[in-house]
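Here are my notebook entries from a first walk through this structure. Please keep the model open beside them and follow along.

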Amino acid sequence: MHVGPIWRAMMRNKAGFVLIALQISVTLTILTNAVGIIQDSANKVSQDSGIDEANTFAFSSVLFADYEREQRMTLLDEDLDLIRNTPGVIDAIASNSYPLRQGGWSMGLALEPGNQATDSVGTAIYFVDEHGVETFDLELIEGRNFTPDQVTWHDPEDGTWPPYAIITEQLAKEMWPDETGSYVGKLMYINDNDPVNVVGVVDRLQSPWPNWNDVVERSMLVPQRRTSEYVHYIVRTEPGMRDQLMPELEAALAKSNRDRIVRNMRTMDEVRKLAYVGDTALIKILGFVVLLLTIITSLGIVGLASFNVSRRTRQIGIRRALGATKQSIVRYFMIENTIVSAIGLVIGAALAIALNMLMVEAFALEPLAWYVIPAGMIGLWLVGQVAVAGPARRASNITPAIATRSG
């Protein structure tokens with residue numbers, strides 16, 4: 001079947017075909033960029049935090065009685081002793097925060113002492129003891145864990161920073177981008193002038209802020225225990241014991257000290273869900289928008305094809321009387337739709353690339369993967385072919401006798 005006659009027939013009703021082509025182009029533009037945002041959000045939601053989430057939970061202990069510093073230190077030791085000696089618990093720590101919590105502490109690191117605010121590298125800070133690596137289930141890829149003698153108690157009268165740290169591989173690469181050897185033993189400065197030696201490097205540990213863009217993997221463990229009325233406990237259990245131990249430990253800790261409230265006991269699964277609730281909602285909304293646009297576009301194609309069938313009833317009947325087969329009639333409308341779709345898809349591809357470039361620049365999004373636009377073009381073409389199939393089959397069923405009697 002020659003394309004030329006089909007094209008000339010289309011030009012007699014340019015408005016309808018132009019509108020459908022524009023609808024397809026707009027749909028492709030929005031669809032591909034929405035898919036790109038969905039992929040970006042889905043990658044973020046599924047990003048590995050670096051800890052044993054399936055067997056870890058966290059909770060807070062809030063003192064409402066006025067305890068002295070030494071009393072708070074004793075209470076921390078008693079709590080951790082109770083938790084760590086509970087059957088089914090692998091390890092536990094008291095810390096200022098944990099991954100995905102959405103609240104914590106960050107500091108700037110520099111390679112030279114002094115005020116390096118403009119050149120510093122930001123990092124999340126986790127205050128832990130020698131049990132931190134085991135509790136978080138971190139993989140030390142270089143160096144070693146803290147020793148008990150390196151762990152100190154925070155003294156509010158002394159602002160000196162602990163001289164040791166375990167950092168993530170991502171933070172190490174940010175600090176020393178040209179280093180090809182070992183990061184252990186490297187010296188950096190925090191709090192302007194306090195030197196910190198790297199004693200270990202872990203493969204991964206997310207910050208407490210999941211939307212901290214490209215620096216979410218910058219984290220540092222600091223060997224310091226801090227006394228506060230508000231303490232976060234992180235507990236790692238043996239596989240399958242987490243849900244059983246949560247209420248048991250909550251009751252035991254509440255009973256061990258009546259001067260505090262045990263609250264916000266959550267599994268890491270719940271913490272992850274809360275951390276990414278916005279991204280999850282965005283995925284659902286954009287998914288619905290993509291589906292709705294696809295349906296609207298397919299309905300537009302169906303409407304135009306049905307209109308053309310009714311408008312060309314006599315023409316189709318004459319062709320049938322001259323020997324055109326049902327398959328040739330169906331093929332006619334399929335080719336017609338392919339021409340319209342091709343025009344709309346080419347325009348839409350150009351618009352999709354332009355829009356993506358603007359979004360990457362404005363919102364620091366990842367560029368679209370190379371396959372998204374071609375896949376979108378093929379998908380929309382298939383949708384168009386399916387949408388036009390019904391009207392095309394109806395056209396092929398027009399009998400020559402009925403067609404020739406029509407006005």
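This is a predicted model: local features need pLDDT of at least 70, side-chain atom pairs count only at pLDDT 80 or more; totals for chains, interfaces and linings use all residues.

**Entry 1: strand β1**

I found β1 mostly covered, with eight of its eight residues buried. Next I sorted those residues by face. Thr56, Ala58, Ser60 and Val62 lie on one side, Phe57, Phe59, Ser61 and Leu63 lie on the other, and all of them are buried. I reminded myself that side chains in a regular strand alternate between the two faces of the sheet.

**Entry 2: the partners of β1**

Which strands pair with β1, and in what sense? I looked up β11 and found that β1 and β11 pair in the antiparallel sense over seven bridges. One pair I wrote down is phenylalanine 59, whose bridge partner in β11 is tyrosine 233. Then I turned to β12, which runs antiparallel to β1 (residues 56–63) and is joined to that strand by six bridges. Here I noted that serine 60 stands opposite arginine 263, while serine 61 has valine 262 of β12 as its bridge partner.

**Entry 3: the whole sheet**

I stepped back to see where these strands belong. They sit in an open sheet of four strands, ordered β2-β11-β1-β12, with antiparallel pairing.

**Entry 4: α8 against α11**

My next stop was a pair of helices. Such a pair is described by the angle between the axes and the distance between the axes. For helix α8 (residues 277–311) and helix α11 (residues 372–396), the axes come within 8 Å and cross at roughly 25°. Since angles under 35 degrees count as roughly parallel, α8 and α11 are therefore roughly parallel to each other. α8 passes α11 in a right-handed crossing.

I then listed who makes the contact. From α8 I have Thr294, Ser298, Ile301, Val302, Ala305, Ser306 and Val309. From α11 I have Val383, Gly384, Ala387, Val388, Pro391, Arg394 and Ala395. By class, this contact has nine nonpolar, four polar and one charged residues.

**Entry 5: a closer look at valine 383**

I picked valine 383, which is found in helix α11. Is valine 383 buried or partly exposed? Its relative accessible area is 24%, so I wrote it down as partly exposed. Leaving aside neighbours within four places in sequence, valine 383 is in contact with Thr294 and Ser298. I also looked up threonine 297: its C-alpha atom is separated by 8.6 Å from that of valine 383, though the two are 86 residues apart along the chain.

**Entry 6: asparagine 356**

Last, I visited helix α10 (residues 326–363), where asparagine 356 is found. Asparagine 356 has a relative accessible area of 11% and is buried. Beyond its neighbours within four places in sequence, asparagine 356 is in contact with Asn33, Glu366, Pro367 and Leu368.

Key. Residues are numbered from 1 along each chain as its sequence is written. Side-chain values use heavy atoms; hydrogens and water are left out. Two strands pair if DSSP finds at least two bridges between them. Helices (H or I, at least four residues) and strands (E, at least two) are DSSP runs, numbered from the N terminus. Axes are lines fitted to C-alpha atoms, for helices over the stretch in contact, and angles run from 0 to 180 degrees between N-to-C directions. Angles under 35 degrees count as roughly parallel, over 145 as roughly antiparallel, 65 to 115 as roughly perpendicular and the rest as oblique. A crossing is left-handed if the near helix is turned anticlockwise from the far one by less than a right angle, and right-handed if clockwise. Contact means heavy atoms within 4.5 Å. Ala, Val, Leu, Ile, Met, Phe, Trp, Tyr, Cys and Pro count as nonpolar, Asp, Glu, Lys and Arg as charged, and the others, Gly among them, as polar. Buried means under 20% relative accessible area, exposed over 50%, partly exposed in between (1.4 Å probe, protein chains only).
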